[in-house]
Amino acid sequence: MIVRTLQEAERSERRVITPTWESTRLLLKSDQMGFSFHITTIYADTETHICYQNHLEAVYCISGEGEVETLSDGVVHKIGPGTIYILDRHDDHLLRGITEMKLACVFNPPLSGKEVHDENGVYPLEAESLS
Ligand code: 9YT
């Protein structure tokens, strides 16, 4: 069994910080579970372009308010506490934080630990691993 706390992970390399969001990656590829699990904070008044060509992701909103817009059709979905959105089609999308949002995120295949978005909002399939 593996036991970790968000508080200890936030004080380690598991916390990745970008201009519009930060994410603490509690469970990674090196744990060999077949998925990764992260607690992500989307900063207020931000917009992030994301397109996970190499990954599937499910995103559950714990707190805060925002919206997600799918770029293929321009549909905007409101996000609030209790909302889950599931990127089952590698959807090209814009994620907006209206207030600060806390999200629980699951990735398949799992992230290795150091990924940040490239200029197209993509994570590489293979990245440097954290142990
Ligand atoms: C919702 C989303 O994908 N935000 C970007 C960060 C990502 N959750 C991550 O790397 O943990």
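**Chat about a predicted model**

Colleague: Where does Asp-45 sit?

Modeller: Asp-45 is in the loop between strand 3 (36-42) and strand 4. Strands here are DSSP runs of E with at least two residues, numbered from the N terminus. This is a predicted model, where local features need pLDDT of at least 70, side-chain atom pairs count only at pLDDT 80 or more, and totals for chains, interfaces and linings use all residues. Residues are numbered from 1 along each chain as its sequence is written, and side-chain values use heavy atoms, with hydrogens and water left out.

Colleague: Thanks! Buried or exposed, that Asp-45?

Modeller: Exposed, as its relative accessible area is 71%. The cut-offs are under 20% for buried, over 50% for exposed and partly exposed in between, with a 1.4 Å probe and protein chains only.

Colleague: And what is phi of Asp-45 near?

Modeller: Near 60°, which is a positive value in a residue other than glycine. His-90 also has a positive phi, near 50°. His-90 belongs to the loop between strand 8 and strand 9 (93-97), and it counts as partly exposed because its relative accessible area is 33%.

Colleague: What about Thr-46, which strand is it found in?

Modeller: Strand 4, residues 46-50. Thr-46 counts as buried because its relative accessibility is 14%. Leaving aside neighbours within four places in sequence, Thr-46 is in contact with Thr-20, Leu-95, Arg-96 and Gly-97, where contact means heavy atoms within 4.5 Å.

Colleague: Let's go to the core, then. Which residues in the largest nonpolar core touch the most other members?

Modeller: Ile-79, Tyr-85, Leu-95, Met-101 and Leu-103, out of 20 residues in that core. By nonpolar core I mean a set of buried Ala, Val, Leu, Ile, Met, Phe, Trp, Tyr and Cys residues joined through side-chain atoms within 4.5 Å.

Colleague: Which elements give two or more residues to this core?

Modeller: Strand 5 (56-63), strand 8 (84-87) and strand 10 (101-108). Strand 10 gives the largest share, 4 residues.

Colleague: How many bridges join strand 5 to strand 10?

Modeller: There are 7, and the two strands run antiparallel. DSSP has to find at least two bridges between two strands for them to count as paired. Within this pairing, Ser-63 stands opposite Lys-102. Strand 5 also pairs with strand 8 in the antiparallel sense, over 4 bridges. There, Val-59 stands opposite Tyr-85 and Glu-57 faces Leu-87.

Colleague: Nice. Changing topic: how many residues surround the ligand?

Modeller: 17, and the closest are Ser-23, Arg-25, His-38, Tyr-52 and Tyr-123.

Colleague: Where is the peptide bond that is cis?

Modeller: From Asn-108 to Pro-109, with omega near -5°. Pro-109 falls in the segment after strand 10.

Colleague: Last one: what does the side chain of Thr-18 reach?

Modeller: The backbone oxygen of Trp-21, at 2.8 Å. That is a polar contact, a pair of N or O atoms within 3.5 Å; within protein, one must be able to donate a hydrogen and the other to accept it, and residues adjacent in sequence count only if both atoms are side-chain atoms. Thr-18 is in the loop between strand 1 (15-17) and strand 2 (21-27), and it counts as buried at 13% relative accessibility. Beyond four places in sequence, Thr-18 touches Tyr-43 and Val-116.

Methods
A residue is near a molecule or strand if one of its heavy atoms lies within 4 Å of it.
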